[in-house]
Amino acid sequence: MSEEIIKAEGLTKVFNKHLVAVDHVNFEVKKGEIFGFLGPNGAGKTTTINMLITLLRPTEGTASVIGFDIAKQHDDVRNVIGVVPQEYTADEDLTGLENILLCADLYGIPRKVAKERAEELLKLVELTDFKDKKVATFSGGMRRRLELACGLINRPKVLFLDEPTLGLDVQTRTATWEYIKTLKKGFGMTLFMTTHYLEEADSLCDRIAIIDHGKIVVVGTPEDLKHSLGGDVITLSIKDDPDVTELIRGVENVKDVKKENGSYRIKAENGEVTAPFVIETLRKKGYIVTRLMLTEPTLNEVYLEYTGRSLRDTEESAEAFRAQRMTMRRART
Amino acid sequence: MSTSNEHNPSKFHGIWALTKRELKKWLKEPLILIMAVLQPVIWMGLFGKAMNLGNMFSGGNLNIPSVLQISGSAIVPPQANPVYISGAAVSQMFSNLGPSIMQNIFGVSDYFSYMSVGMISFIVMFTTMFSGMSIVWDRRLGFLNKVLSTPVSRGAIIVSKVFNASLRAMFQATIILALAVVFGLQVSSTFNPINILGLYAAVFLLCAGLSSVFLALALRSTKWETQMAIVNLINLPLMFASNTFFPISQMPDWIQAIARVNPISYLTDAIRQLTVYQLDSSSLMFDFAFLGAFALVFSAIGIALSWRYLTK
């Protein structure tokens with residue numbers, strides 16, 4: 001399972017000689033895993049993916065996909081990858097089936113094989129009933145599923161997904177996650193995806209690279225990243241509010257205890273295992289726990305820790321907000 | 001390591017797949033294609049019929065008295081008595097002058113026959129210009145990027161656009177030619193239905209060259225506005241600095257210089273040779289040689305640029 005499907009070494013892209021979009025990035029993607037690039041808009045996620053799928057030439061550094069050099073063996077790379085782009089690229093004038101067959105033609109798949117696969121894929125993404133309808137009549141979720149089917153027509157060994165759930169509603173997003181999980185399980189496929197949704201990275205990815213300003217800040221499994229922050233937080237209240245800080249501190253795996261406004265805030269590793277021990281210890285001494293809450297650190301905190309800003313509060317959005325306010329002001333006067 | 005491709009597509013596969021996509025698109029919206037033909041048809045009807053050059057030079061437009069007196073000094077040798085000529089005879093003479101001027105300058109006896117086949121060049125030009133626009137749209141909609149991430153050759157993208165423009169233009173040329181015949185186009189005595197195939201070949205050559213030029217201009221562009229501006233800037237000058245409406249021989253030298261390198265002139269001449277002119281095979285050969293060279297050079301440049309610029 002440790003075979004490297006993608007390996008990037010010092011991968012760099014500079015636009016117009018001074019705009020560094022991706023800055024000496026190193027990472028590996030192992031066989032059969034879902035690897036996620038997490039970062040705000042403009043962090044260099046799409047630029048990285050575009051280099052890996054041979055749309056952009058790297059300015060410096062190299063990367064290989066299934067052993068093929070992305071700069072020198074681009075045709076070999078293109079044959080073994082599938083791409084689900086950020087935009088809806090299906091031709092609106094054609095039907096769903098026609099679009100999939102067009103993709104098949106681009107890979108030179110014989111018509112007979114292509115038709116079989118198309119039926120199979122339409123079933124997988126639940127579009128069989130709509131295959132003869134023009135794509136112009138499709139909803140956003142249906143289009144995204146069609147893109148997914150197109151990206152799979154050549155039975156790729158790696159599937160690249162660029163912001164696969166951008167602009168989808170919560171329901172459709174969850175459904176899309178299910179398709180992606182099915183792909184991983186059913187086909188043992190390796191997936192490389194970019195996202196700026198923390199929940200998405202958390203629930204889908206086996207490993208995450210957090211990217212900011214074109215640099216990878218940290219790589220790890222979502223669990224590892226969360227644990228690197230120092231574990232879970234147990235908040236509890238005790239009847240009559242006695243001072244038992246030292247007692248709790250003595251419990252195994254407890255790292256830190258703070259008393260705040262009549263309740264205790266305990267930092268502990270493996271919170272779900274440690275919490276019962278804490279209660280047990282307190283009860284033995286005759287204290288009654290009246291309230292307990294267990295919070296796991298979220299990726300948002302991880303993100304905050306490593307990039308120094310919250311994902312939802314990036315500079316871009318602040319600027320966009322200001323621009324919007326300016327427009328509104330101008331419209332009013 | 002896996003083999004590079006289990007299906008091993010040929011270069012032609014991608015060309016065919018992409019051409020088929022475009023054909024399907026226009027077969028689904030035939031109205032757009034018909035609309036595109038409307039403009040040259042309107043020009044043909046208004047301009048071609050209103051500008052009745054042959055008739056302008058005819059006797060009917062002159063005030064000739066029934067009897068003309070010609071004073072003595074104009075006639076050599078001088079005679080004492082004035083000579084009288086019948087006005088009707090002069091009128092008759094002038095009536096024949098119009099068609100004769102037309103025949104000498106335009107090569108056909110009526111202006112409509114001259115310009116209506118020129119409209120085929122007109123539609124070819126418009127169609128190729130919009131092939132540049134279509135690649136801009138493909139880029140904007142992300143379709144181009146999707147194609148670029150497949151093993152389809154970059155050249156195939158350009159070639160399929162060229163084919164599409166050519167097929168469109170040939171179809172539209174057929175409609176225009178048929179309508180022109182209905183409106184009174186007079187084919188020459190050397191016309192043979194097989195000439196239509198020659199006409200298609202000439203249309204294809206100009207399409208290949210011109211759409212390569214416009215595609216090359218559009219390769220890196222994401223703004224269809226830019227493309228539109230280029231089209232508007234180029235199309236009328238290119239049209240008027242050619243033999244589409246007027247014969248080159250009557251133009252000032254500097255326009256003649258442009259018209260003689262303008263490929264539109266050669267397509268128009270080839271079409272006229274094949275339809276309304278008395279066929280002159282040597283000039284037809286030259287037209288084809290020029291169009292062939294033009295197509296070869298510019299499609300080569302277009303494909304070469306696509307290799308260089310479709311991947312940033």
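A crossing of two helices is called right-handed if the near helix is turned clockwise from the far one by less than a right angle, and left-handed if it is turned anticlockwise. In this predicted model, helix 5 and helix 8 of chain B make a right-handed crossing. Two packed helices are described by the angle between their axes and the distance between the axes. For this pair, helix 5 of chain B runs over residues 111-140 and helix 8 of chain B over residues 195-218; the axes come within 8 Å and cross at roughly 35°.

Which residues of helix 5 and helix 8 of chain B meet? From helix 5 of chain B come, among others, Ile120(B), Val124(B), Met125(B), Gly132(B) and Val136(B), and from helix 8 of chain B the partners include Val203(B), Leu206(B), Cys207(B), Phe214(B) and Ala218(B). Sorted by class, this contact has 14 nonpolar residues, four polar ones and no charged ones.

Now for chain A, where the counts come to 12 helices and 14 strands. The C-alpha atoms of chain A fill a box of roughly 75 × 50 × 50 Å along the principal axes. Of the 333 residues in chain A, 42% are buried. Among the contacts in chain A with a separation of 6 or more, 69% join residues 24 or more positions apart.

Helix 4 of chain A (residues 111-124) is a handy one to look at in detail. Its 14 residues, at 1.5 Å a residue, should span 20 Å, and its end C-alpha atoms are 20 Å apart, so the two values agree. Which residues of helix 4 of chain A are buried? They are Ala114(A), Ala118(A), Leu121(A) and Leu122(A). These residues cover an arc of only 100° around the axis, so they sit on the same side of helix 4 of chain A. What they pack against is helix 3 (96-106) and helix 5 (140-152) of chain A. Just after helix 4 of chain A comes Glu126(A), with a positive phi of about 55°.

Finally, the two chains touch: 28 residues of chain A are in contact with 27 residues of chain B. On the chain A side, helix 2 (74-80) and helix 3 each supply at least two residues. The largest share, five residues, comes from helix 2 of chain A. By class, the side of chain A that touches chain B has 13 nonpolar, five polar and 10 charged residues.

Definitions and conventions. Residues numbered from 1 in each chain as written. Chains lettered and ligands numbered in written order. Predicted model: local features only at pLDDT ≥ 70, side-chain atom pairs only at ≥ 80, totals over all residues. Axes fitted to C-alpha atoms, helices over the stretch in contact; angles between N-to-C directions. Helix = DSSP H or I, 4+ residues; strand = E, 2+ residues; numbered from the N terminus. Contact = placed C-beta atoms within 7 Å. Nonpolar A, V, L, I, M, F, W, Y, C, P; charged D, E, K, R; others polar. Expected span 1.5 Å × (residues − 1). Buried ≥ 20, exposed ≤ 12 C-beta atoms within 10 Å, placed from the backbone. Arc of directions from axis to C-beta.
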